[in-house]
Amino acid sequence: GIRDVAVTGVQTCALPISAIEWRVDARLASVDRSNSATAALHAIYTASQSVMPELRKPVAAFTDRWCAELVAHMREGQRSGEIARDIDCAAEARFLLAAMRGLMMQYLMDGSHRDLANAKAILLAHCRDRLAVAKARKST
């Protein structure tokens, strides 16, 4: 299933930032695999906060698992020196997840594949620039 593909893909990434980028790329690619499934998932997110509160805990658990996976990669990068030690991993993971969800919703609303591809490139550049230990910071 998709979980096996995700595990296999992440295992092939040699560096933590590469694994984070792979997860972001895979998550955003889900909208290309199935617009209707992605739209349904986002409808569940919204419904869990309003008309279907019984879904709130499962949706929160799903989000927490996704964030935990990103945090684990970031902390691994901090240990290896690839990711800056002053990064708040939990906050960065939540930001990335929120950004990905927002980008997917925007794509679902306007259908612009080119815009999603450009936005994905910007988000991945943000990951590299924000998380990576800068050369100037390494020397100080």
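This is a predicted model: local features need pLDDT of at least 70, side-chain atom pairs count only at pLDDT 80 or more; totals for chains, interfaces and linings use all residues.
Contact here means that heavy atoms lie within 4.5 Å of each other.

## The whole chain

The protein chain has seven helices and zero strands. From the N terminus on, its elements run α-α-α-α-α-α-α. The chain holds 140 residues, and buried residues make up 36% of them. Take the contacts between residues at least 6 apart in sequence: 68% of them join residues at least 24 apart.

## Helix 3 and its cover

Helix 3 covers residues 35-48. Its buried residues are Thr 38, His 42, Tyr 45, Ala 47 and Ser 48. What covers them? The cover includes helix 2 (16-33), helix 4 (56-80) and helix 5 (89-110).

| Helix | Residues | Span, first to last C-alpha | Expected span |
|---|---|---|---|
| Helix 3 | 14 residues | 20 Å | 20 Å |

For helix 3, the reach is close to the value expected at 1.5 Å a residue.

Glu 21 sits in helix 2. Is Glu 21 buried or exposed? Glu 21 counts as buried because its relative accessibility is 17%, and the cut-off for buried is under 20%. Leaving aside neighbours within four places in sequence, Glu 21 is in contact with Leu 124 and Arg 128.

The buried residues in helix 4 include Val 59, Thr 63, Trp 66, Cys 67, Glu 69 and Leu 70. Val 71, His 73, Met 74, Gly 77 and Gln 78 are buried in helix 4 too. An α-helix has 3.6 residues a turn, so residues three or four places apart point the same way.

Look at Gln 78, which is found in helix 4. With 10% relative accessibility, Gln 78 counts as buried. Which residues does Gln 78 touch, not counting those up to four places away in sequence? They are Ile 83, Ala 84, Arg 85, Asp 86, Ile 87 and Cys 89.

Ser 80 also lies in helix 4. Ser 80 has a relative accessible area of 52%, so it is exposed; the cut-off for exposed is over 50%. Ser 80 and Leu 15 are 65 residues apart in sequence. In space, their C-alpha atoms are 9.1 Å apart. Just after helix 4 comes Gly 81, with a positive phi of about 90°.

## Helix 5 against helix 6

Two packed helices are described by the angle between their axes and the distance between the axes. Helix 5 packs with helix 6 (residues 113-131) at an angle of about 170°. Their axes are 9 Å apart. The angle makes helix 5 roughly antiparallel to helix 6, because angles over 145 degrees count as roughly antiparallel.

Which residues meet? From helix 5 come Glu 92, Phe 95, Leu 96, Ala 99, Met 100, Leu 103, Tyr 107 and Asp 110. From helix 6 come His 113, Asp 115, Leu 116, Ala 119, Leu 123, His 126, Cys 127, Arg 130 and Leu 131. By class, this contact has 11 nonpolar, two polar and four charged residues.

Note on methods. Residues are numbered from 1 along each chain as its sequence is written. Side-chain values use heavy atoms; hydrogens and water are left out. Helices (H or I, at least four residues) and strands (E, at least two) are DSSP runs, numbered from the N terminus. The expected span of a helix is 1.5 Å times one less than its number of residues. Buried means under 20% relative accessible area, exposed over 50%, partly exposed in between (1.4 Å probe, protein chains only). Axes are lines fitted to C-alpha atoms, for helices over the stretch in contact, and angles run from 0 to 180 degrees between N-to-C directions. Angles under 35 degrees count as roughly parallel, over 145 as roughly antiparallel, 65 to 115 as roughly perpendicular and the rest as oblique. Ala, Val, Leu, Ile, Met, Phe, Trp, Tyr, Cys and Pro count as nonpolar, Asp, Glu, Lys and Arg as charged, and the others, Gly among them, as polar.
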